[in-house]
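This report describes selected parts of one protein model. Look at the sequence and the structure first, then read on.

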Amino acid sequence: MQVIFLGSPGVGKGTMAKLVQEKLDLVQISTGDLLRAEVKNQTELGKQAKGHMDSGGLVPDEIVIAMLKARIGRPDCQKGYILDGFPRTIPQAGALEAEGVKIDVVINFVAAKETIILRLSGRRTCKQCGAIYHLVNLPPQVESTCDVCDGPLFQRDDDKPEAIENRLKVYEEQTAPLIDYYKDKGLLKDIAADESSEVILPGLLEILGEA
Ligand code: AMP
């Protein structure tokens with residue numbers, strides 16, 4: 001099964017993808033995580049992507065599409081995957097089709113703007129393993145320290161207020177048109193995402209079970 005998780009930054013797609021991948025034995029492919037790994041390893045791709053990411057803008061389509069194609073071609077993806085944060089533009093969606101990828105369902109996560117801003121501004125990420133926490137909703141057991149690997153937690157540059165505003169604007173302009181794009185193809189299912197992950201999960205699994 002191939003699934004797309006669509007929705008604004010901070011709506012909880014990544015958190016839900018992590019929970020669903022364990023339950024349904026799918027691979028979570030987060031283009032944001034892939035790009036952050038490239039930046040961390042100071043690769044050529046990472047150097048090209050960093051400025052766009054820090055300001056909250058999108059990395060150019062050709063870079064992200066090439067990276068995504070390489071990832072879905074790896075053997076672990078044969079069991080099916082969740083695309084978390086891809087596609088983010090109409091040309092990216094077109095690239096998936098050109099690649100012959102059959103999408104079973106597109107989940108559109110919908111939450112109020114206030115929920116999204118609170119989630120993004122409180123988010124903290126482990127520098128070592130990438131685990132995600134939230135100052136209020138999901139604090140680590142020891143302050144600023146990852147429960148999983150003891151790594152230090154930090155606030156992503158793009159989770160700071162100036163970048164958040166830009167990311168939400170970019171979402172509206174470039175990514176939200178994908179809602180109608182997939183609705184027209186009969187693939188879109190909305191899910192209310194204001195509540196906690198425990199509340200959202202059963203309805204999400206039900207939709208995926210029917211897809
Ligand atoms: P995320 O972790 O999904 O919020 O992604 C963090 C940042 O990575 C975004 O703000 C973009 O700069 C970049 N990014 C992630 N996925 C994409 C994509 N599909 N297309 C373009 N840029 C992306």
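## Terms and model

A residue is called buried if its relative accessible area is under 20%, exposed if over 50%, and partly exposed in between, using a 1.4 Å probe and protein chains only. Helices (H or I, at least four residues) and strands (E, at least two) are DSSP runs, numbered from the N terminus.

The model is predicted: local features need pLDDT of at least 70, side-chain atom pairs count only at pLDDT 80 or more, and totals for chains, interfaces and linings use all residues. Residues are numbered from 1 along each chain as its sequence is written, and side-chain values use heavy atoms, with hydrogens and water left out.

## Q28 in strand 2

Q28 belongs to strand 2 (residues 27–30). Is Q28 buried or exposed? Q28 has a relative accessible area of 14%, so it counts as buried.

The side chain of Q28 makes a polar contact with the side chain of D84, at 2.8 Å. A polar contact is a pair of N or O atoms within 3.5 Å; within protein, one must be able to donate a hydrogen and the other to accept it, and residues adjacent in sequence count only if both atoms are side-chain atoms. Apart from neighbours within four places in sequence, Q28 is in contact (heavy atoms within 4.5 Å) with G14, A17, K18, Q21, I82 and D84.

In strand 1 (residues 2–6), 5 of the 5 residues are buried. In a regular strand the side chains alternate between the two faces of the sheet. Here Q2, I4 and L6 point one way, while V3 and F5 point the other way.

Two strands pair if DSSP finds at least two bridges between them. Strand 1 pairs with strand 3 (residues 81–84) in the parallel sense over 4 bridges, and I4 has L83 as its bridge partner there. Strand 1 also runs parallel to strand 4, joined by 4 bridges; F5 has I107 as its bridge partner in strand 4.

Which strands form the open sheet, and in what order? There are 3 strands, ordered 6-5-7, and the pairing is antiparallel. Strand 6 (132–134) and strand 7 (153–154) are the edge strands, each pairing on one side only.

Strand 5 (residues 123–126) is joined to strand 7 by 2 bridges. T125 has F154 in strand 7 as its bridge partner.
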